[in-house]
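Subject: Structure handover and notes

Dear colleague,

Please find below the structure I promised to pass on, together with its sequence.

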Amino acid sequence: MKKNIAIFASGSGTNAENIIRYFQKSESIRVSLVVSNKPDAYVLERAHRLGVPSHVFSKEDWVVGDEVLAVLQAHQVDFVVLAGFLLRVPVLLLNAFPDCIINIHPALLPKFGGKGMYGDRVHRAVVDAGETESGITIHYINERYDEGDVIFQAACPILRGDNAEDVAEKVHALEHRYFPKVIEELLGCKQDGRR
């Protein structure tokens with residue numbers, strides 16, 4: 001029986017599209033739903049084009065979480081992947097999916113994490129701090145931004161003269177290379193979507 005993934009995303013959705021395409025021919029895993037908090041997020045267009053159902057919830061819906069949970073249950077979701085999702089996940093969902101919600105962060109946590117640290121803001125902060133490397137962190141989520149247990153990290157060098165856009169390009173390459181594989185490994189070693 002296939003494991004069903006829901007992807008939560010707030011923006012363009014390049015990681016979501018990469019994950020959907022990665023699992024399109026999988027016999028054991030499928031992306032069954034894309035969820036967003038923004039009705040104009042381009043990830044919704046990507047999901048539509050790839051034949052994946054999508055749903056948008058208001059910020060108020062995210063605070064409580066019961067409507068979100070009902071939709072996830074209706075789609076028989078086993079595992080939730082945050083791919084550029086900017087809202088806090090309600091405790092109700094954390095309790096409904098213990099150790100089954102992961103996030104990707106565009107830096108090597110615990111550095112450059114926390115509320116407000118996402119996307120280009122992270123890359124600018126990394127460059128401004130004079131770091132010699134950056135990378136990605138895939139982690140479980142909890143009630144606090146970017147503080148869940150780390151599952152996987154991969155690093156890339158920052159060269160003298162690199163700007164935030166250069167770092168973003170290197171980090172995106174790592175995201176696209178590793179995120180689907182880590183999801184696959186996590187689901188491959190779980191029984192019925194649970195650790």
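Glu147 counts as partly exposed, at 49% relative accessibility, where partly exposed is the range between buried (under 20% relative accessible area) and exposed (over 50%), computed with a 1.4 Å probe on protein chains only. Its side chain meets that of Arg144 in a salt bridge, with 2.8 Å from N to O, a salt bridge being a side-chain nitrogen of Lys or Arg within 4 Å of a carboxyl oxygen of Asp or Glu. Arg144 is likewise partly exposed, with a relative accessible area of 43%.

Please keep in mind that this is a predicted model, in which local features need pLDDT of at least 70 and side-chain atom pairs count only at pLDDT 80 or more, whereas totals for chains, interfaces and linings use all residues. Residues are numbered from 1 along each chain as its sequence is written, and side-chain values use heavy atoms, with hydrogens and water left out.

The structure holds 7 salt bridges, and a network of them links Glu17, Arg21, Arg46 and Arg49. Helices here are DSSP runs of H or I with at least four residues, and strands are runs of E with at least two, numbered from the N terminus. Arg21 is partly exposed, with a relative accessible area of 44%, whereas Glu17 is buried at 13%.

Glu17 also forms a salt bridge with Arg46, and here the closest N and O atoms are 2.6 Å apart. Because Glu17 belongs to helix H1 and Arg46 to helix H2 (residues 42–49), this pair ties together parts that are 29 residues apart in sequence. Both Glu17 and Arg46 are buried.

Turning to the domains, the chain is divided into domain 1 (1–98) and domain 2 (103–177), with bounds that come from an automatic or database domain assignment. The centres of the two domains, taken over C-alpha atoms, are separated by 22 Å. In domain 1, 11 residues are in contact with 10 residues of domain 2, contact meaning heavy atoms within 4.5 Å. The area buried between the domains is about 1,000 Å², of which carbon and sulfur atoms give 56%; buried area is the accessible area (1.4 Å probe) that two parts lose on being put together, summed over both.

What does the rule find across this interface in the way of salt bridges and polar contacts? There are 0 salt bridges, but 4 residue pairs are in polar contact, both residues at pLDDT 80 or more. A polar contact is a pair of N or O atoms within 3.5 Å; within protein, one must be able to donate a hydrogen and the other to accept it, and residues adjacent in sequence count only if both atoms are side-chain atoms. On the side of domain 1 that touches domain 2, H1 and helix H5 (91–96) each supply at least two residues, and the largest share, 3 residues, comes from H1.

Finally, Ser36 lies in strand S2 (residues 29–36) and is buried, at 0% relative accessibility. The side chain of Ser36 reaches the backbone nitrogen of Lys38 at 3.1 Å.

With best wishes
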